[in-house]
Amino acid sequence: MSLINKPASVRDFSQDFNVTGRTSADDIVVAVAGNPNVGKSTLFNALTGLNQHTGNWPGKTVSNARGSCKYRDKNFILVDLPGTYSLIANSAEEEIARDFICFGQPDLVVAVVDATCLERNLNLVLQILEITANVVVCVNLMDEAKKKKIAVDIDELSLQLGVPVIGTSARSQRGLEDLKNEIYSLYAKKTKTYNVKVPYSNKVERAISQLEPAVADLIEGIALSPRWLSIKLLDMDENLHRTLNKCLSLDITENKKVAAALANVNRELFLSGFNADLLHDELVTSLIKKAHEIYEKCVNLNNHQYTQKDRQIDKLLTSKITGIPIMILMLFVIFWLTITGANYPSELIASGLFFVQDKLVQLFEFAKAPQWLTDMLILGVYRTLAWVVSVMLPPMAIFFPLFTLLEDSGYLPRIAFNLDKFFKKAGAHGKQALTMCMGFGCNACGVIGCRIIDSPRERLIAILTNNFVPCNGRFPTLISIITMFFAGAITLPFRPLVSTLILTCTIVFGVAVTFFTSKLLSKTILKGMPSSFVLELPPYRRPQVSKVIVRSIFDRTLFVLGRAVMVAAPAGLLICLMSNVYIGDSSVLLHCSNFLDPFAKLIGMDGVILMAFILGFPANEIVMPIIIMSYLCTGTLTDLESLHELYLLLVNNGWTWLTAVCTMLFSLMHFPCGTTCLTIKKETGSLKWTAVSFLLPTIVGVLTCFLVATCARALNLA
C-alpha cells in the first residue's frame, strides 16, 4: 500500500524497482537495510523462513532476496537490500539500496545495526532517516554485545533517533516478535513527516533552507524528503540526478526555480570558502559527528578492551609474516579432510547407484527393450550421472560446510586482506580473493560471486581468471593422479598427508597463475588502475554448525550438483554414441583420439587424454572415466576396482611421470565447464568475453604443458 497519492502527471516510477513480488494492494513492503556483517541476512532468514526468492536488480549485477511472512492480519513482503556502509552511492550496492528506499516505495524500512559496533552503523541509519521517517531500527547481536559487556540503552537510542528501536538476537530468534509487532504498529500509524535532522554548519544549513522551498514545490505529492534532496543537489550527486530524471521524467536541475536557487546558494557557499570537496567533507563529517554524539549517550562500555581478543587473533592471521602461511595451512587442512573423508561415502554411493543400474538393465531386458536403447539410457546417460553424483557429492558435502564455517567465523575477509596487496600489484581488485575462494567449490559460483566487484574492468578480470583455481569437479582427477604417480610409494598412514601436500602446492601454483594472468590482462586488453575498496574485518563469531551444514547442503551442494547433473546427462549420451558408432574397425571416439594424438604428444599427453577433456566439457568429473573407457574400449563409462589397477592400465598405455604432470597441469588450466561458460555468458552478457574466458585458460594450459614437456625431453627426464 502506497503511503501517498501520486498526481497523475507523475509516472509510477516504483515499477522501475518492482522486485518486491507484491501480489496484493494490502501487502506491506518492508526494506531491510544495513551494513555488511550485522546479521541482516540472518534476520531476514529468521523472519521469512523458506518463503524466499532471489533475482537480479534491474540493470544491475547485484542479486536481491525477497521473502514474505504473515503477522496478525497482514502479509509482509521483505526485500533484503545489499549490505552497504552508506547511501552516497559510490558502488552498485549503495546505489541500489538508496534507489529502492527512495523510489521503490517501501511502506517502511528496517535498519539493522550491530550492537557491538553501533557507532559505525549509525552513519547509515542517519542517512536513511534523512530520506524517510518510516523506519524501525533493529539493534541486532545483542547477545554478542552482552558477552563483550557492551550495554546499549534501547530507549535512549529510540529517543535520540526519534523512531522505534528494537533489540534482537536473530541467531537465537530473540526479539523477533517485538520487531514484527513494531513494524505492524508503525505501518498502522502511517507516519509521513520528516522530522529527523542531522545538523550541519550554519552556512550549509542556510544554503539548504534557501534551496528546500523550490525543491518542495517541484516534488509536491511525491514521497521524497525535500531537505534530503536539497542536500544531494548541493553535493552534486550526478548519479542521483540521472535516477531522478529516469523516475520522474524530469531533469530537476533544469527547472528554472530550482536552478536559480541552486546557482544562488552555490555562489554564496563559494564566497564563504566552500568548494565541492569541502562541502562534501562537511556533509560527511556532520553525519559522523552526529553518530558519535548519539553513541556516547546510548552505549556504556563496561569493558573497553572488548576487541582486544579479536585484535590479538588478527595480529596472527593478518600478519605479513604468519598470515599467508596460516592461510595455506588452513587450505591444507580443508583438503586433507575432504580427501580422507570423501573416499568411503563415494564408494558407498557408487555401489548403491551402480546396483540400481544393474536392476534397471534387468528391467529393460525383461521389457525386451532394444539393446541400443539400454546402452543409450542406462549405460550412457544413467551411468554418467551415477559417476558425477558419486564423485561430486561426498567431497562437496565436506568441502562446502568447511568453507562456510570459515565464512561464518569471519575468516574469509582476512583472506581478502592478506591477498589484497598481491591483487593490487596484479592490477586487479582485492575482492577477487573472495571470488577465487568461491571457485574452489564451483567456478560457476565464483563467477557469480564477482558481482561484489564494482569496477566492470576488474570484475571482468576476476571472471576471466576464476577458472585457474580448480573446482570440486577437478579434484578427483588431480587426487587420483597424485595418489598413483607421486604418493603411491608412501606407506598408507602418511599417503593422504603427502597427497594433500602435493595438491596444496598445485593449488598455490594455480593462485600464482591467477596473479600472473590478472597482471597480463590489466596491462593489455583490460588496462586500468586498480580501485580501492573498504574492507571491514568483522568480529570473530562462533559459527552455528547445524545451520551451516544445512545451508551448505541445500544452498550450495545440491544446487551445484543439480546443475552438474543437467549438463552431464546429454554428455553421457554423446560419449556412448561416439564409443559405439564405428567407422571401419574403430569407434568414432578412437578416430577422434588418433586425430588429436600428434598435438597432444607435443604437450606431454596423448589423444585419448585430450579427447577426454573435450568430452568432459559439460562436467569435469567424467574426464577420468572417459580416459579409462577409451583405453579399455568398453563402449561405456568404466570404473576399476582399485587405484593400483588404474595405475597399471595407464602405465600400459604409455603414461609416465611427465604424462601425469602435464595432465594435472592441463586439468588445472583448461577451458571452463559448460555450466561455468553459461554463467559467464549470463553475467557478462557478451559472447566475446565468454569466448575469451574459454580460450584464455586453455592457451595458458597448453603453453605451460608444452614448456614442461619440452624441458623434460631436452634434459632426458621423460
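How many helices and strands does the secondary structure of the protein chain contain?

## The chain as a whole

The secondary structure comes to 28 helices and 11 strands, where helices (H or I, at least four residues) and strands (E, at least two) are DSSP runs numbered from the N terminus. This is a predicted model, in which local features need pLDDT of at least 70 and side-chain atom pairs count only at pLDDT 80 or more, while totals for chains, interfaces and linings use all residues. Residues are numbered from 1 along each chain as its sequence is written, and side-chain values use heavy atoms, with hydrogens and water left out.

Of the 718 residues in the protein chain, 55% are buried, a term that stands for under 20% relative accessible area, with a 1.4 Å probe and protein chains only.

## Leu610 in helix α23

Leu610 lies in helix α23, which covers residues 607–615, and Leu610 counts as buried because its relative accessibility is 8%. Leaving aside residues up to four places away in sequence, Leu610 touches Leu596, Phe599, Ala600, Met605 and Phe666, a contact being heavy atoms within 4.5 Å. Ser593 is 17 residues from Leu610 along the chain, and their C-alpha atoms are separated by 7.5 Å.

## Helix α28 and its ends

Helix α28 (residues 687–714) has 28 residues and, at 1.5 Å a residue, should span 40 Å, which agrees with the 40 Å between its end C-alpha atoms; the expected span is 1.5 Å times one less than the number of residues.

At the start of α28, a side-chain oxygen of Ser686 comes within 3.2 Å of the backbone nitrogen of Lys688, whereas just after α28 Asn716 takes a positive phi of about 55°.

Key:
Buried means under 20% relative accessible area, exposed over 50%, partly exposed in between (1.4 Å probe, protein chains only). A polar contact is a pair of N or O atoms within 3.5 Å; within protein, one must be able to donate a hydrogen and the other to accept it, and residues adjacent in sequence count only if both atoms are side-chain atoms.
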